[in-house]
Amino acid sequence: MNLSKLLLCSCLTFSSLAAWGVDVLEFNCKRSEKGYTEEYEMKLTLAAGSQKAKVFLDGRDLDQSDALGSQVVKSVTLARPNILILIEAKFEPEEIMGVSYTAGSVITNITLDPVTGKFKKVEKIQGGILGATIGNGTHTSEETCALAKLPYKSK
């Protein structure tokens, strides 16, 4: 009975984050694949005023751009009870160890349920080194993420 009350309270809390002025969420996440496990911290800052939404993994801003390409967090959306994240990456043609790769792109859609911790990632890969090594098309994976601390308002 206590577990059901906790889940209900958690759902109500997350459904009202925007109304409460909360704009920072921090999670401890775990990814496991083929016998390898990686743990990382994910921090989400919601869009506010002229500031766009941001995603940080282990303190590294996912919005990055250089001569090799760019990665942009397009949106972080609270869609009860889930958090939806859209990331787009584009890569220039490159040559690595004598092998030439075409330009490529990856569109990543993430659905995170902060109550259950279910983190589902759907990536559409087209071209580039990822298309050549992983394969072009849609790739789906699941991870787990637990709240590291209560949501809060940044200063």
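Thr 45 is buried in this predicted model, with a relative accessible area of 11%; buried here means under 20% relative accessible area, exposed over 50%, and partly exposed in between, taken with a 1.4 Å probe and protein chains only. Thr 45 belongs to strand 2, which covers residues 36-45. Beyond its neighbours within four places in sequence, Thr 45 is in contact (heavy atoms within 4.5 Å) with Asp 23, Val 24, Gln 51, Ala 53, Lys 54 and Phe 56.

Residues are numbered from 1 along each chain as its sequence is written, and side-chain values use heavy atoms, with hydrogens and water left out. As the model is predicted, local features need pLDDT of at least 70 and side-chain atom pairs count only at pLDDT 80 or more, while totals for chains, interfaces and linings use all residues.

Strand 2 pairs with strand 1: the two run antiparallel and are joined by 10 bridges, where pairing requires that DSSP finds at least two bridges between the strands. One example is Lys 30, whose bridge partner in strand 2 is Glu 39. The hairpin of strand 1 and strand 2 has two residues between the strands, and in this hairpin Lys 34 takes a positive phi near 50 degrees.

A search of the whole structure finds one disulfide, a term used for a pair of cysteine sulfur atoms within 2.5 Å. The disulfide is formed by Cys 29 and Cys 145, with their sulfur atoms 2.2 Å apart. Distant parts of the chain are linked by this pair, since Cys 29 lies in strand 1 (residues 24-33) and Cys 145 in strand 12 (residues 137-152), 116 residues apart. The torsion about the S-S bond of Cys 29 and Cys 145 is about 115 degrees, so the disulfide is right-handed. Cys 29 and Cys 145 are both buried.

Turning to the whole chain, there are three helices and 12 strands; these are DSSP runs numbered from the N terminus, with helices (H or I) of at least four residues and strands (E) of at least two. Of the 155 residues of the chain, 30% count as buried. Among contacts between residues at least 6 apart in sequence, 36% join residues at least 24 apart.

Finally, a word on confidence. The mean pLDDT of the chain is 85, and 83% of its residues reach 70 or more; pLDDT is the predictor's confidence in each residue, from 0 to 100. Over residues 1-20 the pLDDT is below 50, and this stretch has 15 contacts in the model beyond near neighbours in sequence.
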